[in-house]
Protein chains: 4
Amino acid sequence: MGSFKGHALPGTFFLITGIWWTGKYSLWYATRRNKNIGSTRLTSRASQRRLEIIENSVLLFFSFVGMLAEQFVANGPKLHLYDFAEKHWEQLMNWQHSTMYLFFGLAGTVSLIIHTTEAAPLALDRLMLAIAFFNQGFLFLYHLHGRSMLDVHVHQLLLFAIFGEAIIAFLEVFHRGNIILELLRCSLTILQGSWFWQIGFVLYPSQSTDWDLQDHNNATFITMCYSWHLAFAMLVVSVLYCTINCVVRSRLKRTPPMEMGLLKPRDRDPESEDEIL
Amino acid sequence: MGSFKGHALPGTFFLITGIWWTGKYSLWYATRRNKNIGSTRLTSRASQRRLEIIENSVLLFFSFVGMLAEQFVANGPKLHLYDFAEKHWEQLMNWQHSTMYLFFGLAGTVSLIIHTTEAAPLALDRLMLAIAFFNQGFLFLYHLHGRSMLDVHVHQLLLFAIFGEAIIAFLEVFHRGNIILELLRCSLTILQGSWFWQIGFVLYPSQSTDWDLQDHNNATFITMCYSWHLAFAMLVVSVLYCTINCVVRSRLKRTPPMEMGLLKPRDRDPESEDEIL
Amino acid sequence: MGSFKGHALPGTFFLITGIWWTGKYSLWYATRRNKNIGSTRLTSRASQRRLEIIENSVLLFFSFVGMLAEQFVANGPKLHLYDFAEKHWEQLMNWQHSTMYLFFGLAGTVSLIIHTTEAAPLALDRLMLAIAFFNQGFLFLYHLHGRSMLDVHVHQLLLFAIFGEAIIAFLEVFHRGNIILELLRCSLTILQGSWFWQIGFVLYPSQSTDWDLQDHNNATFITMCYSWHLAFAMLVVSVLYCTINCVVRSRLKRTPPMEMGLLKPRDRDPESEDEIL
Amino acid sequence: MGSFKGHALPGTFFLITGIWWTGKYSLWYATRRNKNIGSTRLTSRASQRRLEIIENSVLLFFSFVGMLAEQFVANGPKLHLYDFAEKHWEQLMNWQHSTMYLFFGLAGTVSLIIHTTEAAPLALDRLMLAIAFFNQGFLFLYHLHGRSMLDVHVHQLLLFAIFGEAIIAFLEVFHRGNIILELLRCSLTILQGSWFWQIGFVLYPSQSTDWDLQDHNNATFITMCYSWHLAFAMLVVSVLYCTINCVVRSRLKRTPPMEMGLLKPRDRDPESEDEIL
């Protein structure tokens, strides 16, 4: 997977996930905040659950496709782990990436079970997400032996986003539905996505001039560049958040909630996000 | 204790402990969740307490046996610490393992006192468990001087599980009875157990071909292998959890709780796990 | 910015910020504590909000000026990032400092939006502050390659204050209005400010005798000196806190709250700091 | 202070502090738990406050004496910091120890102010204690340059206890009166005290045979020895806790609380430890 495409693909995946999550959490938060003016018409508890099921099915599907792709592409290991003839491991890189997909697949499966049945506590989906991100960071951490300085550096910077997401997701086990943690996780996901693209551009540049992978000025620039990516990710999240907030409010104003005098808000739609644990 | 058996024994111990804990916590959680359909018949508070006393007696017994075994096996130090004639320490490895057993024994003793008398706050048992795991990790941390690369690496990976368990047990002091933390601790215990077996297979292989302890490809494979062990541990925990959940529900359906109309659930059996601190 | 002035300027900035924050939080806390004897006359909720808006406008203004200054001073990069002719990065130091200002500017902008509109949850301002401090520490961390021992050491000590502030600000997301965390953050800000001055004196001494940047005795002294700066910062914060507390009480005693019998305190002025999240 | 006495003195100080704290917190906890059978006769809120004032006065006195002793003993710096003639720092070790005493003195002063006046929030005393321990660990951390292996190792082990105490004291800011955290802090204080004695015996042995400071077997033994000190500290704390618990109960049984029928317990004595923050 040591190619431009091999970094652009997961980058795109995390970018889309981050934007999707931002939209979802912003919508639900806007709905909860404006409950008194009837916003619960927009997202009922049943529709939230349906959304979660769709999201996790898609996640599960892509994890499965990812695992298959890593195994059966041109130079993949095709499920062989050890070459007994020549006594070496087969394509450990591909196996590592398969393992990362596996844990995201597990997180998707568990979330799917939680939201279709009532067998397990709700907060388990955040724990599985935390474990999936932690596992990704853990494999990256022991992934970098013997590479050149800048190569190690760009991957180490990625660990800030990955372990950051793991910690935030773990905190959400105890503070479920906290919009600040949710938006921070979205920002870090988008940061991870855009940084994968950046790694691709640095290590496999399309132009003729390569980066000097031993130059400390490059490392200094790249570190700063990471901050810019974070600022960019936070900008994307805020623009999305504000847009959705405004749209929800303007739609609520156009169609006044007539039945509000008849029913107490509490009775109509329990706030699903408050069911902590 | 540098032998295959020396790693298989604690491995088996932690595997059994992990599975036992998964069963216990799953049963109690299923009982708490289904209280309204009469599940408290299955585990009363008195039976919970009896279970804790049995569990901690067994733990205490095995810790004691472990300490004796480490001291009095063929090449053990037999309670001698320093050889004044030849001026060297006697069998420091065995003494270290005895110390690890000692702390698990202390945790067992304190839990036993807590659950038989009312002298100390309930949460103390989790603190003692956290200290026992922390002590195990602390001794392992300074245990690895001068070994070969792969040997150090497989033991360092073990520290993720050990310190993870210490942190989770410490969090349980404040969030007692949180099923998510409990199941995570169970998974990490099973991970520790199966990883001890893996260490045994890597360092003392039964087949003719030894592992090259300086090869970085082996280290990369072993890191990934650790993720698979974690996935396996989570699988075992989920299967056990679901089975117990289903069994509890089906047993409750077969024998309807007749007395439920007569007594309010609250009056019958206080939820022991909620007595935080 | 490698000059005495380049360290004195941010030092002064952080010193003023720390003192300002101490005053603000002490006043609000004294007001909240003495609510029953009518202190809410001194700071109403509207005036608190006005204060926040002014503070964040000033922060935004100075961040903008800082960014411009870093770019357009005599030897600044003037918005050029890469010199394609000579193939090297333009003034990476100035670009890094601009990036630090950028994140403080972002924190100011978001706070301004939060306190003028009601679009976002209140706790977001603390998260942005935490991210701004974290970003500052992050850039400093990868800033020190190839410098002399004492130079690296004085900058590393600074990281204790910076990352300390980031952690405290993050904790305030969950414990908003906790005076102990607020005063600790103030102390660390003043520590950061006075330490910048100390760095200036050590690296660019005005007298003839330079410091030996490789001498370990100097490093030992500097470490101890950092503790003294912390003690000094805590002293400044306590003196300010006590003074403001006394002034508030004496002013309340002189002008007795006549209307207190007419209105219940609760009805008059909700305690803005309790609106956690 | 590099002598046996120089380690035995702080050791004794921390041992006494740890035992004193264990007694104090055990008594208060026993009092709170047995409130319904009239235990509040034993410790009223006023007597608790008096105890705190005495404790902190003693702490302040010893910190002051410690600072003076470090400065004016035979080879002390006598408040001179820099020898301008020979261009070297004067006795940096003594200055460092003075700084450690200074922070414990500050913690004592602030606690004294908190418990005599009502100017500051109660939880501030734990924060000052956390800062005093953190400062001690911070100075020890940069204290070890150029020493022999075992010397560095025994001091590094000490950091586990010191930073542990800092973290526990910081947690107590939010969980004040949690007996588990309090007893853990007591154990770590006794551990610190007994370990100072151990360091004295290792580095300045009274017998003829010195320890080989480069031998890794010694380091392994010392690490294990640290675990034994922890077990010993926990034993001391538990014995004290149980004794005090029994004494409180037996005294309550002998003199039945006659007035209990007349006054509701709540009205008589508010539980001071619950005034979190």
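Predicted model: local features only at pLDDT ≥ 70, side-chain atom pairs only at ≥ 80, totals over all residues.
Leaving aside residues up to four places away in sequence, I222(B) touches L150(B), H153(B), V154(B), L157(B), W195(B), Q198(B), V202(B) and W211(B), with contact meaning heavy atoms within 4.5 Å.

Residues are numbered from 1 along each chain as its sequence is written, and chains are lettered from A in the order in which they are written. Local features need pLDDT of at least 70, side-chain atom pairs count only at pLDDT 80 or more, and totals for chains, interfaces and linings use all residues, while side-chain values use heavy atoms, without hydrogens and water.

Chain A is superposed on chain C by a rotation of 90° with 0.0 Å of shift along its axis, at an RMSD of 0.0 Å, by least squares on the C-alpha atoms of residues with pLDDT of at least 70 in both. That is the relation of a four-fold axis.

| Chain A with chain C | Value |
|---|---|
| Residues in contact | 31 residues of chain A, 29 residues of chain C |
| Buried area (accessible area lost, 1.4 Å probe, summed over both) | about 2600 Å², 79% on carbon and sulfur atoms |
| Salt bridges (Lys or Arg side-chain nitrogen within 4 Å of an Asp or Glu carboxyl oxygen) | zero salt bridges |

On the side of chain A that touches chain C, α1 (4–33), α5 (149–174), α6 (179–203) and α7 (216–254) of chain A each supply at least two residues, helices being DSSP runs (H or I) of at least four residues, numbered from the N terminus. The largest share of that side, 16 residues, comes from α7(A).

Technical notes:
Buried area = accessible area lost by both parts, 1.4 Å probe.
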